[in-house]
Amino acid sequence: MIAAAVVRVWGLDFGLPHPWSRPDESIVVYMAAAVGQGGLRPFFFNYPALYPFALAALFGLYYLLGRGFGWYSSVYDFVFEFATDPSGFFLIDRTLSAITGVMTVFVVYRIAKRLFDGRLATVAAAYLAFAYMHVRHSHFGVTDVPMTFMIMLSLLLVIRAWESGRTRDFAWSGLAVGLAVATKYPACFLVLPALVAHFQVSRGIRKNIPELFCHRRLLAFAACALAAFLVTNPYALIELPRFLDNVLIVLRQVDSPHLGVKLDRGWVYHFRFSLYYGLGWPLLAASLVGMIMAFRRDSRKALLLCTFPLVYYLVAGMGYSVFVRYIIPVVPFLCITAALATEQVARAIGRVSRRIPPWVVTLCVTTLILIPSLYRTIRVDDLLTRTDSRLLATARATDLMPPGASVYQTYAIVGALQLNPGQYFLERYRRNQVVADDQGSDGMTNTLTRLVDSLAAIQCFRLWSYDSTTGRFLLNGLEQDGLPDYIIAQQLPLRTCRVTPGAIQKLLAVSYRVRSEIPAFDTSADNHYDEQDHFYVPYAGFKGVERPGPNLFIYEKIETGRGDGDPNKNSRRADSNR
């Protein structure tokens, strides 16, 4: 458990205070902040409410702690910190995710011990403790790892209900399943192992199909699951049409390539990429062999253990939206089946070499299987401790550019430098994504208004945008004459993403000179990234990667007719198609 915690908190503060150092974290954090500000109605139902509610409670404790230690003299001070340097809030989010990741290791141990034996359980826990995919994503303050913890906790309670056959145990497992779905919707497939447990408990009892489905065990399970979900997501019932519409949108998004980046269908992609690199081929192979062994050893236990991951993989792999994180919930199950295969191999070796203690054989086999995963875990943790290129570029740009300078940034979503105090907060406020539909109290509304006015008064740079249809630059939606004083261009490691419009590249070639370069990766290295996810740390292959983030170039406008050496050199530098 200690080792599992170390590899998950190592580099946990990566990229902060940049709000997009890990995509989607800011969405979760701002949902939690809206709850704390009185906005109980969610912005959307793409995420269930349980995790943001839990995070909001932790933010409240953070505020009380700050008042106690004198960090904040008022709510305004607290909100000002959130707007200008949200590092503490993002770190709370990531810490919660990391804690659930570590707790999942313990739950896996309990499940494996309950179904098999202690030695196998120890091996399964060791596999998950160092499973690269799970370790990597435990650093991120999003809902995938917490959902996986809730899935495994629910399964543990389902197993207890399967062993006892008691209605109250099925009710408790239903409560856990409802909370798991309230963390993230794909946990709904936990209904299947619960059904397997119910049918196996009812085996030998003469009942027809309607009686089986209307049995008090199953009714207690369903009632508790539904109640747990609705209590933590009340607006799913209050605004049922909007809830169903949002869920359908999420389902359509899963079926379609994210942002038009079409890779293999999920069944193929997750096997050859997500799991192959996320577990390492030895652990993946052992897990598949172990799954077959599980059915040969005890089909009743195997059905209980394997129904969820098999059905989940089948459904998650149907579409072309293939974020690696989508497949995290199957990882703990694969670690358990891999432990089963490891135990069988260790026993076979032990029968040949009787002089070697069985635990030594098991340790050696386990270590060999973990080597690829351990290597990637250490490499990614090391990278996460290095300063993100966007933070270095922000410091460099503020030194180079005079106050009041006009700046245009290519791809101003994930990679945009936070040049002005509260820049991202103001962007969300203007889109009404700080408190949903102005639900905050009058006091909070006044605090936010005061904060926005204060931030607007201390903006250092004029941040321009670009309209590709007219070829004109804009400031707050208004067309501007001339060109911006500076252009900050990005070069992404993703093969499928162009971020600098061709017209901008031409401008850079003839009207700008490079003032500074902040490299993060070698463009010639053949590394593997999660192509649909704009997290700029390799998933596999770490050659030539110096730090997280894109390569960044700060360009300064030059006088007409004045060149900066070879124009083609600037054009090549501005080519941000990778």
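Here is a short walk through a few local features of this structure, from its backbone to its surface. The model is predicted, so local features need pLDDT of at least 70 and side-chain atom pairs count only at pLDDT 80 or more, while totals for chains, interfaces and linings use all residues. Residues are numbered from 1 along each chain as its sequence is written, and side-chain values use heavy atoms, with hydrogens and water left out.

Let us begin with the loop between helix H1 (2-9) and helix H2 (25-36), where Pro17 lies. Helices (H or I, at least four residues) and strands (E, at least two) are DSSP runs, numbered from the N terminus. The peptide bond from Leu16 to Pro17 is cis, with omega near 15°. Asp24 is found in the loop between H1 and H2 too, and its phi is near 85°, a positive value in a residue other than glycine. Why point these out? Most residues other than glycine have a negative phi, and most peptide bonds are trans.

Asp24 counts as buried because its relative accessibility is 16%; buried means under 20% relative accessible area, exposed over 50%, and partly exposed in between (1.4 Å probe, protein chains only). Now turn to Asn476, in the loop between strand S3 (472-475) and strand S4 (478-479). Asn476 has a positive phi of about 55° although it is not a glycine, and at 68% relative accessibility it counts as exposed.

Next comes Gln423, found in helix H21 (residues 423-430). With a relative accessible area of 5%, Gln423 is buried. Its side chain makes polar contacts (pairs of N or O atoms within 3.5 Å; within protein, one must be able to donate a hydrogen and the other to accept it, and residues adjacent in sequence count only if both atoms are side-chain atoms). The side chain of Gln423 reaches the backbone oxygen of Leu417 at 3.1 Å and the backbone nitrogen of Leu419 at 2.7 Å. Leaving aside residues up to four places away in sequence, Gln423 touches Gln409, Leu417, Gln418 and Leu463, where contact means heavy atoms within 4.5 Å.

Finally, let us visit the surface. Val315 lies in helix H17 and counts as partly exposed because its relative accessibility is 34%. Together with Trp267, Val268, Leu314 and Met318, Val315 makes a nonpolar surface patch of about 440 Å². Accessible areas come from the Shrake-Rupley method with a 1.4 Å probe, and for residues only the protein chains shown count as cover. Helix H15 (266-279) and helix H17 (299-316) each supply at least two residues of the nonpolar patch.

How values were computed: Patch = residues over 30% accessible without salt bridge, like charges linked within 9 Å, V, L, I, M, F, W, Y side chains within 5 Å. Salt bridge = Lys/Arg side-chain N within 4 Å of Asp/Glu carboxyl O.
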